[in-house]
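Let's take a walk through this one, starting with a pair of strands and ending with a pair of helices. Keep the viewer open as you read.

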Amino acid sequence: MTILTQLSCVRYRRSERRSEKRSVSCAVSSRHSVARQDPKLQSQSTSCASKSYEDFISLLSDSEDEDTTLQQALRESMEEYQRSRIGRQDGQSSSAKCSRTLQNILEGLMSGVNRSSESHISVRRHHIWKDSLCMFARPSFDAQKQIHVSFVGEEAVDVGGPRREYWRLLMKSIANSSALFDGPEECKVIAHNFTAQQQRHFYFAGVMISCCVLQGGPGFPFLAPSIYSYISGMSTVIPTVEEVVDFEVRSFLSELQAAENEQEFTEVLSSEQAVDILLHAGYRKPLAQCSLSNALEIVQAVTHHSVIGVCTQELDQFVEGLGTLSVLETIRCFPEQMRELFCYDSRQRRKMSAEDLRNLFLLQFSPIGSNAREKEEATAMHWFTYLHDCEDGLLPVTLGEIMSFATGASEIPPAGFEDDLSVSFNDDSMFPLASTCSLTLALPSKYKDYEDFKEAMNTALLGAHGFGKY
């Protein structure tokens, strides 16, 4: 029975209160219809519909007892409508959500960036976290504006390249140099840092990562799975022993997991270190009453305290920062797709190959029959050989460093590049030249011998420490 059908029944059974309910319900239906016709009004319609829904339910609660059955039917119908509205707002049905790709989701998010206005940021390459913190903490900073980056002491106008380079360097600096995270690069957990928490550094790190996600950056693919689970709103988070940073605690847990009988279990728990670890984790069950069957319970209590419990304030502040520009909301709506941006996963992050770079860059040859064409084809063969030598580990240069030199990004951004990448040929230069803004790489075509070409490439790639520098 639809909402409007039920309301028509109410019209014949009630007086003034019946009319009030019908008007509220009609407001819900009409606003929803307008929002479907005009997506720009959907946000406004959402808040209005929620208010109308709440008003309607409150009216039902105040009505006469004689119509209890009808009231319940109306309530269920309204609640069903509310659930369906939320489903449409989040991105269609559950099956449709699963079919959404990460790139589709990011395109929707990135449309919220104000590209007609810019927030200017000046940073030193080797102090990028410290300088960025000062910039993002300014009262005038607007996270919704397009970031415009200047590297102090370097010659570059930011039309995309410096910004990609900035996000790549900043994300690595936050992960490794900000004192906000502990653990290996592929499994970072939040550090317990009272000073940084008081200065709201965790919040600003979350804001920076949100901006990075929306402005074509690489995301922050360093988090331990349990930290991402906490961020995505999972009700139960169970960290693994590998996520515990403290060596002594991790060793204790490993020994406890390895215990195969009651004797080995008792020996692990009998140490003074074990007692201290359990007390700090809040595990107060008398050890005399513990047996091997309690091993899993103890491991879960200690890992949760070590990874989540000890740094809850820092973690919640980080989550608050991720709420900027709807990134947190998107994570919780599409947790599986967004996971690739925040968790290191070798299955999702396939190692870049020489063939990938060959296909990524479009070669720009001179017309067939021209004087330059033969030299360009020889240079193209040098280029292909160089890429495969890098892939095979025969050179001191990696494929990621070639990508960084040419684009400012060490891998293909999750949302892709704004334009196609191209390779041209330059007979006047001894070294390769790159424009990270226009995504073009000019190869030196004057070298007949591959060894000379390889030396020129190595010199440029290993010596490039900034824009306009070798």
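Start at L363, whose bridge partner in β6 is V423. Keep in mind that you're looking at a predicted model. Strand β6 covers residues 421-426, and its pairing with β5 runs in the parallel sense over three bridges.

Now zoom out to the rest of the sheet. There are four strands in an open sheet, ordered β5-β6-β8-β7, and the pairing is mixed. The edges belong to β5 (361-363) and β7 (433-435), each of which pairs on one side only. Going from one strand to the next, the twist averages 25 degrees. Packed on this sheet you'll find helix α21, residues 399-407, which touches β5, β6, β7 and β8 (440-444). Compare directions and α21 makes about 65 degrees with β7.

Next, jump to a helix pair. The crossing of α10 past α16 is right-handed.

So who does the touching? On the α10 side, the contact is made by H201, F202, Y203, A205, G206, V207, I209 and S210. Facing them from α16 are E314, Q317, F318, E320, G321 and L322.

Key. Residues numbered from 1 in each chain as written. Predicted model: local features only at pLDDT ≥ 70, side-chain atom pairs only at ≥ 80, totals over all residues. Heavy atoms only, no water. Pairing = 2+ DSSP bridges. Helix = DSSP H or I, 4+ residues; strand = E, 2+ residues; numbered from the N terminus. Axes fitted to C-alpha atoms, helices over the stretch in contact; angles between N-to-C directions. Contact = heavy atoms within 4.5 Å. Left-handed = near helix turned anticlockwise from the far one by under 90°.
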